[in-house]
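Thanks for making the time this morning; I would like to walk you through one model, moving from a helix to a hairpin and then to the ligand. Please have the sequence and the structure open while I talk.

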Amino acid sequence: MLRAIGPRADARRPPRAQTVTAVTYSAGMSPTQPAVIGALSPSRAGDFMTCPLLYRFRVVDRLPEPPSPAAVRGTVVHAVLERLYDLPAPARTAAAALALLEPQWHRLLAEEPGYGDMFADERERAVWLGGARSMLERYFTLEDPTLLEPAERELYVEAVLDNGLMLRGYIDRVDVAPTGEVRVVDYKTGSAPGAAFEARALFQMKFYALALWRLRGSVPRLLQLMYLGGEGEVLRYTPDEADLRATERKVRALWSAIERALETGEWHPRPSRLCGWCNHRSLCPEFGGTPPPLPARQPGDTVRSTRSPGHPRG
Ligand code: SF4
């Protein structure tokens with residue numbers, strides 16, 4: 001299923017080192033890059049929008065979180081799709097992708113042995129891996145990888161705005177057409193969101209598009225979200241400069257709110273149905289808990305990465 005999202009709809013690890021490309025050149029930026037005052041990824045920006053206290057627990061307190069089977073499955077599926085494109089185009093078949101699944105799971109398990117504790121027994125692990133298999137099979141109903149030659153995979157981007165805020169993150173895939181037009185692709189292992197959550201899903205893509213625009217000086221032609229859960233669905237959006245300027249204003253406003261909270265120490269809980277997935281309910285005042293004392297602030301608090309080897313992703 002394919003769905004295009006127009007402007008109106010919007011209104012309402014380190015992974016394998018050899019494939020991570022840090023794009024830090026500054027085409028389109030001031031030659032004198034400002035000092036970095038903080039860093040924001042789409043995930044952490046999303047945390048703050050969801051609940052400022054959740055952001056605090058993750059970024060300021062850096063509280064550990066147990067891996068979730070769904071997120072680790074996302075990591076395995078992403079790893080398979082990344083490596084699928086190492087193969088020559090005619091060899092990128094569904095069978096080839098499925099053959100990569102077990103080896104990638106074992107590679108991740110070697111990096112993070114704790115993932116093995118997610119399953120009560122072998123049967124549970126087999127069901128979990130079967131879910132990953134279904135997602136990969138669904139991927140082949142959405143596009144034909146034998147017809148594609150991605151320009152970049154697992155692209156790490158960092159772009160520093162003129163206020164010193166660094167935008168950073170990993171882009172799953174960047175395709176460049178012979179005409180030079182750029183498509184930014186992100187794989188999601190969940191189901192496509194309903195209309196109410198489309199804007200949030202698109203925020204991440206616009207965030208990446210903004211970073212690429214600031215780095216390379218041209219607006220990506222297309223943002224493409226590929227949902228491998230549910231029925232399988234592709235959401236496409238064509239951004240323009242006005243979109244990305246609006247995204248930059250939103251990111252700056254978010255950062256101002258984060259800076260205020262860092263200064264005042266006031267991190268307000270914002271309960272929602274997402275609390276059901278929050279690992280820190282026992283520390284949250286909304287659930288009768290008490291947050292730990294705030295750690296002393298360190299320079300570069302928010303610049304340190306919260307992504308670890310094999311960091312789960314959705
Ligand atoms: S339980 Fe809910 S309100 Fe409390 S920190 Fe987690 S997400 Fe925020």
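**Helix H5 and its surroundings**

Let me begin with the packing of H5, whose buried residues lie against helix H4, residues 69–84, and helix H6, residues 122–142. Please keep in mind throughout that this is a predicted model. The buried residues in question are Ala-97, Leu-100, Trp-105 and Leu-108. In an α-helix there are 3.6 residues a turn, so residues three or four places apart point the same way.

As for its geometry, H5 runs over residues 94–111, and its 18 residues reach 26 Å from the first C-alpha to the last, which is close to the 26 Å expected at 1.5 Å a residue.

Turning to the strands, S4, residues 152–160, pairs with S5, residues 165–176, in the antiparallel sense over 8 bridges. Within that pairing Leu-155 of S4 stands opposite Ile-171 in S5. The hairpin has 4 residues between the two strands, and Gly-164 takes a positive phi near 95° there.

Now to the ligand: which residues are closest to it? Of the 14 residues that surround the ligand, the closest are Cys-51, Pro-269, Cys-275, Cys-278 and Cys-284. By residue class, that shell divides into 10 nonpolar, 1 polar and 3 charged.

Finally, for the protein as a whole, there are 8 helices and 8 strands, and buried residues make up 32% of the 314 residues.

Notes: Residues numbered from 1 in each chain as written. Predicted model: local features only at pLDDT ≥ 70, side-chain atom pairs only at ≥ 80, totals over all residues. Near = placed C-beta within 6 Å. Nonpolar A, V, L, I, M, F, W, Y, C, P; charged D, E, K, R; others polar. Expected span 1.5 Å × (residues − 1). Buried ≥ 20, exposed ≤ 12 C-beta atoms within 10 Å, placed from the backbone. Contact = placed C-beta atoms within 7 Å. Pairing = 2+ DSSP bridges.
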